[in-house]
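Here are my notes on the model you sent over.

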Amino acid sequence: AFLSLVARMTLMIFFSMMLALTLALFCCGCKEEDVLHAGLNAEILEVNVENKTIRVRNLDRSGQLLLEECTFDCSEAEKEDLIIYVKYGTGDVTQLSLSDLQPGDDVILWIYDSELSKAESGSIAKLYEIQLGTQRFS
């Protein structure tokens, strides 16, 4: 009888610790999701290939997501081949490099919320993807 009481107490302690460990691991995995803002319209004002940045002017009339002018780090987008051109007539996609972009081009930007808050504070934020909107490639 004493042995079965010790075995029950040991099992209770074991299962309690497993439950606590499971809850702790589950809560560690619960982080806030970073929202990806897609389709922000802008015009390129300057391309700096050496520093891998672009300076853009906001073309969104509501002005809710971007400041009037922002500078963005394009290094990750270029490294991941996420600077693209979509030919609207056919839907064909072409990979571009930063040197293919030029002042006056209309672009469509993808940026994560965490990076957008950096841009709003005046820091240089990283873009996730850039799509050249100006239809100048055949």
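1. Start with Arg57, which is partly exposed at a relative accessible area of 31%. Its side chain meets that of Glu43 in a salt bridge, 2.2 Å from N to O. Glu43 sits in strand β1 and Arg57 in strand β2, so this pair ties together parts that are 14 residues apart in sequence. Glu43 itself has a relative accessible area of 19%. Why does Glu43 count as buried? Because the cut-off for buried is under 20%, and 19% falls below it. Do remember as you go that this is a predicted model.

2. Next, look at how the two strands meet. β1 and β2 run antiparallel and are joined by 6 bridges.

3. What does the side chain of Lys52 meet in a salt bridge? That would be the side chain of Glu78, at 2.9 Å from N to O. This pair links distant parts of the chain, 26 residues apart: Glu78 belongs to helix α2 (residues 75-79), while Lys52 is in the loop between β1 and β2. Lys52 counts as partly exposed, with 32% relative accessibility.

4. Now move on to β3. It pairs with β2 in the antiparallel sense, over 5 bridges. Cys70 in β3 is the bridge partner of Val56. Arg55 is in β2 and Glu69 in β3, 14 residues apart. Both ends are partly exposed, Arg55 at 28% relative accessibility and Glu69 at 43%. Glu46 joins in too: Glu46, Arg55 and Glu69 are linked in a network of salt bridges. Over the whole structure, a search finds 7 salt bridges.

5. Zoom out and you'll see the sheet. It is open, with 8 strands in the order β5-β4-β8-β6-β1-β2-β3-β7 and mixed pairing. Which strands are at the edges? They are β5 (93-95) and β7 (125-126), each pairing on one side only. At the β5 end, 3 bridges join it to β4 (residues 83-86), and the two run antiparallel. Ile84 has Gln95 in β5 as its bridge partner. Helix α3 (residues 113-120) lies across β1, β3, β6 and β7, running at about 110° to β6.

6. In soluble globular proteins, nonpolar side chains tend to be buried together. The largest nonpolar core here has 24 residues, and among those with the most contacts inside it are Ile54, Val56, Phe72 and Leu101. At least two residues of this core come from each of β1, β2, β3, β4, β6, α3 and β8 (129-132). For Leu101, leaving aside neighbours within four places in sequence, the contacts include Ile44, Val47, Ile83 and Ile130, along with Arg136.

How values were computed: Residues numbered from 1 in each chain as written. Predicted model: local features only at pLDDT ≥ 70, side-chain atom pairs only at ≥ 80, totals over all residues. Heavy atoms only, no water. Pairing = 2+ DSSP bridges. Helix = DSSP H or I, 4+ residues; strand = E, 2+ residues; numbered from the N terminus. Contact = heavy atoms within 4.5 Å. Axes fitted to C-alpha atoms, helices over the stretch in contact; angles between N-to-C directions. Core = buried A, V, L, I, M, F, W, Y, C linked by side-chain atoms within 4.5 Å. Buried < 20%, exposed > 50% of the residue type's maximum accessible area, 1.4 Å probe, protein only. Salt bridge = Lys/Arg side-chain N within 4 Å of Asp/Glu carboxyl O.
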